[in-house]
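The following dialogue works through one protein model, feature by feature. Please keep the structure in view while reading.

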Amino acid sequence: MTMDKKSLFSSLCVVVFISTTAAAQTLPDGYPADYQKTVAGAEKEGRLVIYSTTDTKAAGPLLKGFAARYPQIKVEYNDMNSTELYNRYISEQAAGGTSGDVIWSSSMDTALKLASDYAMPYASAEIGNIPTWAVWQQKAYGTTYEPLVFVYNKRLIKQDEVPSNHEALAQLISSQPDRFKNKVTTYDIEKSALGFMLSVYDRKADPQYFANLGRMAKGGLSVQSSTGTMLERVSSGENLIGFNILGSYAETRAKDDPSLGIAYPNDYTLVLSRVMFISNQAENGNAAKVWLDYVLSKEGQAILANQSDIPSLRNDIDGENDVDGLTKRLGKALRPIAVDDGLLTYLAQDKRLDHIKQWRAAAK
């Protein structure tokens with residue numbers, strides 16, 4: 001989820017044009033012999049339009065790296081929240097007008113829904129270097145490996161109070177309802193597509209999910225539609241603790257914010273992977289292919305892991321911010337959300353409404 005954005009079309013889409021005079025570098029080892037034709041086609045197109053939920057600041061190092069390797073491709077990067085992205089793309093497809101060449105969304109389920117209707121099939125040159133669970137029909141690709149965490153205010157929550165799992169979090173809050181009244185934050189699952197998806201996967205991982213949710217909501221939840229708002233409120237002390245927070249954004253903020261603490265639950269830690277696909281109506285299809293491959297490449301993943309603090313789903317990245325590093329740290333607690341048809345189950349209207357109904361009842 002990105003930082004605060006307004007609703008559909010009323011938000012200010014952040015548009016970034018990236019260009020550079022740096023010389024293009026050679027292609028990575030192992031790419032097919034005819035890949036240069038794709039690059040030549042991309043350079044002839046000279047443009048790429050990306051719709052993304054990854055905020056511009058986090059994506060900046062990746063965009064700069066891409067520009068250095070492919071200086072003739074100008075990138076228009078549109079930063080939106082997940083619901084806005086979905087609605088805008090759908091509306092543009094229905095109208096038959098121009099739209100994004102590439103979709104890159106943290107809301108894995110709605111991204112896969114879009115991919116099932118609008119994705120261009122493409123066997124990435126990097127497909128052998130990423131987990132099989134991150135690839136759906138050679139159309140949609142997981143691109144990151146991001147644990148969901150608890151965050152807390154270090155000034156107001158003592159170290160010996162920090163919960164180590166979901167049961168402990170529920171116990172902490174329910175045992176002191178007055179202290180935590182309206183002081184617990186998480187996603188608004190009715191306004192945030194990402195929040196809804198995470199709630200569904202919590203339910204799959206934890207048989208006691210709704211019971212624990214009820215205990216976490218004992219004094220009332222402060223629900224939000226963006227990670228940025230939740231981090232800000234916990235840091236300021238307006239909220240004391242939050243759950244289902246994107247660890248990548250939390251870790252970045254915590255580096256410069258001594259008030260923000262982070263806990264990785266050891267019973268289960270959901271892992272999100274931002275989904276990317278190329279539109280079957282892409283005006284710049286070659287540039288889109290080159291971008292997707294770059295994001296999945298060792299170079300692109302290293303930039304995400306080591307410059308943007310977004311963990312890599314590869315296992316060959318320097319440092320500890322990749323699959324291997326996180327596995328050494330969290331082991332069997334890690335529960336990556338696969339890019340597969342299971343993501344679509346709760347998008348059916350009846351199942352979606354039933355889940356929201358149960359969530360409301362538990363969180364009231």
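Q: Is D117 buried, partly exposed or exposed, and what is its relative accessible area?

A: A residue is called buried under 20% relative accessible area, exposed over 50%, and partly exposed in between (1.4 Å probe, protein chains only). D117 is partly exposed, with a relative accessible area of 42%. This is a predicted model, in which local features need pLDDT of at least 70 and side-chain atom pairs count only at pLDDT 80 or more, while totals for chains, interfaces and linings use all residues. Residues are numbered from 1 along each chain as its sequence is written, and side-chain values use heavy atoms, with hydrogens and water left out.

Q: With which residue does the side chain of D117 meet in a salt bridge?

A: Side chains of opposite charge can pair when their charged atoms come close. The rule for a salt bridge asks for a side-chain nitrogen of Lys or Arg within 4 Å of a carboxyl oxygen of Asp or Glu. The partner of D117 is K113, at 3.5 Å from N to O. Helix α4 holds both D117 and K113, four residues apart, about one turn of the helix. Helices (H or I, at least four residues) and strands (E, at least two) are DSSP runs, numbered from the N terminus. K113 is partly exposed, at 33% relative accessibility.

Q: How many salt bridges does the structure hold?

A: There are 14 salt bridges in the structure. One of them joins the side chains of E238 and R233, at 3.5 Å from N to O. E238 is partly exposed at 42%, and R233 is partly exposed at 25%.

Q: What is the distance between the closest N and O atoms of D316 and R314?

A: The closest N and O atoms of this salt bridge are 2.8 Å apart. D316 is partly exposed, at 28% relative accessibility, whereas R314 is buried, at 4%. Salt bridges with shared partners link E126, R314 and D316 into one network.

Q: Into which domains is the protein divided?

A: Domain bounds come from an automatic or database domain assignment. Here the assignment gives domain 1 (36-144 + 273-321) and domain 2 (146-271 + 347-363). Their C-alpha centres lie 28 Å apart.

Q: What area do domain 1 and domain 2 bury between them?

A: The size of an interface is often given as the accessible area lost when the parts come together. Buried area is thus the accessible area (1.4 Å probe) that two parts lose on being put together, summed over both. For domain 1 and domain 2 the value is about 1,300 Å², 51% of it on carbon and sulfur atoms. D109, R274 and D309 supply 37% of the area that domain 1 buries against domain 2, more than any other three residues.

Q: How many residues of each domain are in contact with the other?

A: Contact means heavy atoms within 4.5 Å. By this rule, 19 residues of domain 1 are in contact with 15 residues of domain 2.

Q: How many salt bridges and polar contacts cross between the domains?

A: The rule finds two salt bridges across the interface of domain 1 and domain 2. The side chains of D309 and K255 also meet in a salt bridge, at 2.8 Å from N to O. A polar contact is a pair of N or O atoms within 3.5 Å; within protein, one must be able to donate a hydrogen and the other to accept it, and residues adjacent in sequence count only if both atoms are side-chain atoms. Between domain 1 and domain 2, seven residue pairs are in polar contact, both residues at pLDDT 80 or more. On the side of domain 1 that touches domain 2, α3 (82-95) and α4 (108-118) each supply at least two residues. Helix α4 gives the most to that side, with four residues.

Q: Where is S279 found, and which side chain does its own side chain contact?

A: S279 is found in the loop between β13 (275-278) and α10 (285-296). S279 is buried, at 1% relative accessibility. The side chain of S279 makes a polar contact with the side chain of Y89, at 2.8 Å. Not counting residues up to four places away in sequence, S279 touches Y89, Q93, G100, D101, Y118 and M120.
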